[in-house]
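Student: Hi! Could we go through the side-chain packing in this one together?
Tutor: Happy to, let's bring it up.
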Amino acid sequence: MTGERVRAAVRLRVDGEPVEVAAGGTLLDAVRAAGGDVPTLCFDDRLAPSGACRVCLVRTGRGVAAACTTPAEEGAEVRTDDRDVAAMVRRVLELMVERIPERALGLPTELAAVCARLGVEASAFDLAGRGLGRDDSHPYVRLDADLCIACGRCVRMCDEVQGTFALTMAGRGADTVVAAGAGGPWVESDCVACGGCVDSCPSGALSGPVSVLTSYATAGSTPAARTSLTLPSGGRPADLVTRTTCGYCGVGCTLDVHTRDSGILAVTPALDGPVNRGHACVKGRFAYGFVRSPDRLTTPLVRRKGRLEPAGWDEALAVVGRELARIRDRHGPDAIAAISSARSTNEENYLLQKLMRTAIGTNNVDNCSRICHAPSAVGLIASFGLAGGTNPAEDLDVADCILVAGANVTQAHPVIGARIAQAALRGARLVVLDPRRTELARLADVHLRGRPGSNVAVFNGLARLLVDRGHVDEEFLAARADGLEELRELLADYPPDRVAELSGVPPDALAAAAEAYGTARRPAIVYGLGVTEHAHGTDGVRTLANLAILRGAVGTPHGGGVNPLRGQNNVQGASDMGALPDMLPGYQRVDDPEVRGRFAAVWGTPVPERPGLRIPEMFDAALAGRVRAMYVFGEDILATDPNSRHVRAAIDACDFLVSQEIFLSATAQVADVVLPGSSFLEKDGTFVNFDRRFQRVRPALDPPGQAYTDFDVLRAVGGALGVDLGCPDPAAALAECGELTPVFAGISHERLDREGAVHWPCRALDDPGEPRLYGTAFATPDGRAHLAARPWLPPGEPPDEDFPYALITGRRLVHYNSGTMTRRTPNLALVPGEHLDLHPDDARRLGVGEGDPVEVTSRRGAVTAPARVTDEVAVGEVFLTFAFPEVPANLLTSAEADEVTSCPEYKLTAVRLRRA
């Protein structure tokens with residue numbers, strides 16, 4: 001034991017046993033360290049202790065104390081077995097429950113367990129309770145007020161973890177109970193349904209839905225009837241808990257899925273989840289009902305005489321194999337293109353890109369990062385060397401300034417949004433760059449409300465102020481960065497007044513933001529699609545990265561770095577696995593002969609050397625007759641890609657379309673063959689989250705009916721093309737990928753099952769991985785970070801006289817992406833349809849009131865949506881999502897795209913409005 005450890009520890013005795021706890025620890029920590037236990041009711045490891053319930057009392061030399069709040073002192077003697085204290089605790093508990101209904105004892109709760117432990121029986125309870133009633137208005141959070149013991153855990157969970165402050169304690173005396181908002185129906189409150197209050201409630205007063213989603217009993221659903229593919233036998237034991245990773249956004253929350261008889265009872269966030277730490281959002285926690293939706297695809301479909309009809313696997317695979325081989329052999333391998341899935345596992349993405357490069361012989365494979373975060377990969381590689389965020393999520397907890405750029409984090413990435421909000425509430429400075437007044441913008445010290453398309457000007461303006469005010473790390477720049485002089489010359493053109501002209505950000509706000517970020521000791525940057533989805537998105541990433549380089553806030557112990565927030569659960573992993581037209585797994589260039597040779601040696605076939613087509617180029621090539629077939633895996637491109645009419649025309653121009661999906665999406669409806677796949681709750685493999693963390697995904701259910709895992713479907717498609725893809729299971733696929741990809745060489749299913757999560761790069765089995773990158777050198781060819789002198793350029797489609805409004809598209813909390821999954825859950829009761837966010841001044845100008853229909857027209861089409869009048873958007877700007885097919889926002893969006901990566905300009909479309 002080192003001297004430092006002695007100074008940092010407190011030694012005491014619990015029931016005669018010597019224990020040691022960290023300085024600042026409590027008597028409860030000491031009891032646990034001794035292997036003991038005392039009852040608690042108001043305590044939750046995720047919360048600051050309050051000592052409200054007084055059932056954790058222990059005897060010390062100073063008297064009786066609440067173990068959860070009393071600091072451990074050197075040399076203290078603690079007794080947990082004192083009879084007088086036990087009698088005191090029992091009396092406290094009897095007083096607590098004397099007006100609680102007797103039925104509380106029949107619930108599987110902490111309260112019932114503590115009563116049983118202390119011998120408090122039914123006679124101590126009231127027979128009927130206080131008659132305070134129930135609130136069942138919310139689909140996910142139900143209140144039985146009679147069961148509330150006023151411990152306050154739910155309120156503190158909402159305040160200290162979620163940061164929504166939606167709950168309070170209402171009433172007086174023995175009638176004090178939790179209430180949402182002003183006491184109206186729960187569903188009308190500010191509750192965001194993260195489920196934290198439900199998880200924390202010790203008495204059953206707050207509960208969530210507990211349901212068993214029974215599996216389909218369709219013909220041919222038994223393993224014996226599924227002989228075309230080799231699968232593990234179905235059926236799982238009752239009451240199984242499966243640890244997996246959430247399949248919604250890219251935060252990477254660890255979830256426990258509770259199942260019985262092939263159905264889901266509940267999903268709960270894992271307390272030891274490395275990123276979420278016992279927290280979740282409404283989607284990950286509750287929106288799982290889609291897995292057994294009645295319209296789930298359970299059998300292949302083949303188009304016969306213009307209609308999609310059910311087919312067996314043998315027929316469907318034969319059609320896919322025959323048609324792809326025919327087109328490959330007649331028109332060449334580059335006449336076929338594939339779009340891989342950012343919602344599927346790393347192993348499935350690895351297999352699809354291998355299928356295209358070996359069985360077809362083309363590099364025409366891409367994934368949806370092309371239309372969201374391709375500028376991140378290119379920009380971060382150019383600035384730092386690797387295509388991923390620089391720091392782990394944990395660094396947000398110690399940052400003293402967080403710059404959030406182009407990300408509505410509490411809506412799109414709620415668990416990280418809550419983490420940022422809590423950091424701000426603890427005193428970290430918060431700077432938000434966003435054209436909308438988001439929740440974090442309302443909380444921010446500085447809100448830079450720039451016009452859409454002005455990011456580069458604002459970032460250059462901030463950099464100018466950092467340089468002018470001496471807020472740069474000259475030593476870091478001299479030792480570890482290049483490009484400063486060229487950047488200085490460019491920044492001369494970005495004084496605050498000019499930045500204000502270009503962006504609408506007032507000079508004083510720009511100065512305040514520069515001061516907050518420039519004077520911080522541990523500044524951190526997180527950003528989202530509001531940076532990347534622009535005509536100059538790569539420039540946005542590069543100029544944002546400039547700020548961290550100037551401050552020496554990346555690759556150093558005192559910097560929180562630069563992290564992109566990924567919109568889908570495996571956007572990072574899909575690209576990591578080589579589902580890209582110019583990169584093999586691990587971002588190894590396909591035009592490098594040495595790299596191709598290494599893959600060819602393992603795959604047993606040459607790798608095509610010419611880079612393939614990006615997603616937008618695939619559509620253009622289809623219209624030009626060069627692409628004749630497309631394989632679309634897990635993406636609804638007719639709903640999610642810009643300029644939907646252009647996408648539909650490209651699909652119609654193809655001879656053959658395969659859709660591998662879990663629902664009959666808009667894209668699947670026009671396919672020639674539809675192959676049913678698996679949801680994230682039925683998959684085995686791994687995801688990579690936004691901070692480069694590999695985490696395990698494990699199947700809690702079998703796919704329904706005759707559906708199979710996507711991994712097995714892809715292997716079967718390879719077989720239909722006459723190619724054995726190898727990789728008999730997902731573990732083997734990741735192992736093969738690691739053999740070929742140095743940065744993943746130390747990552748395996750076995751290791752993840754043992755350790756939980758590993759960050760890449762991880763180059764060997766004894767390599768711990770790199771949560772924080774670039775500690776000794778950057779991964780660029782010269783080992784240095786590279787500043788980028790990038791001028792502001794006008795957006796691709798700015799508003800004009802004919803189309804005077806700026807349309808921004810994005811997400812809302814309750815629904816995910818195109819809504820394919822969340823619209824098939826009770827989330828639909830929370831937000832049943834789309835609405836157009838419109839500023840009050842614009843609403844008055846148009847003669848529009850709340851809920852009135854508004855027609856939104858761009859140069860490509862028109863949609864109609866009811867108005868939501870709000871100051872969350874600025875004058876002249878409106879907002880839509882694409883979660884509802886009845887308001888297909890991507891009919892409006894343009895083909896304008898980032899000039900470097902082809903990422904579409906979703907965040908700015910010129911539109912006009914009229915009252916419909």
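Tutor: One term to begin with: a charge sits over a ring if NZ of Lys or CZ of Arg is within 6 Å of the ring centre and within 35 degrees of the ring normal. Keep in mind that this is a predicted model, where local features need pLDDT of at least 70 and side-chain atom pairs count only at pLDDT 80 or more, while totals for chains, interfaces and linings use all residues. Residues are numbered from 1 along each chain as its sequence is written, and side-chain values use heavy atoms, with hydrogens and water left out.
Student: OK, which ring does Arg 498 lie over?
Tutor: Arg 498 lies over the face of Tyr 494, 5.0 Å from the ring centre.
Student: And what sits over the ring of Trp 760?
Tutor: That is the charged end of Arg 692, at 6.0 Å from the ring's centre.
Student: Switching topic, how many residues are in the largest nonpolar core?
Tutor: It has 122 residues, and Phe 384, Leu 448, Leu 547, Leu 550 and Tyr 631 have the most contacts inside it. By nonpolar core I mean buried Ala, Val, Leu, Ile, Met, Phe, Trp, Tyr and Cys residues joined through side-chain atoms within 4.5 Å. Buried is under 20% relative accessible area, exposed over 50% and partly exposed in between, with a 1.4 Å probe and protein chains only.
Student: Which helix gives the most to this core?
Tutor: Helix H14 (residues 455–468), with nine residues. Helices (H or I, at least four residues) and strands (E, at least two) are DSSP runs, numbered from the N terminus.
Student: What about a second core?
Tutor: There is a separate one of 66 residues, including Val 10 and Cys 56.
Student: Now aromatics: how many pairs does the structure hold?
Tutor: It holds 15. Rings of Phe, Tyr and Trp (its six-membered ring) pair if their centres lie within 6.5 Å; planes under 30 degrees apart are stacked, over 60 edge-to-face, and the rest tilted. Trp 313 and Tyr 708 are edge-to-face, 5.0 Å centre to centre with 70° between the planes.
Student: Where do Trp 313 and Tyr 708 lie?
Tutor: Trp 313 is in helix H8 (residues 313–331) and Tyr 708 in the loop between strand S30 (693–697) and helix H27 (710–720), so the pair ties together parts 395 residues apart in sequence.
Student: Is Trp 313 buried or exposed?
Tutor: Buried, with a relative accessible area of 4%. Tyr 708 counts as buried too, at 1%.
Student: And which residues form an aromatic cluster?
Tutor: Tyr 248, Phe 290, Phe 680 and Tyr 816 form one.
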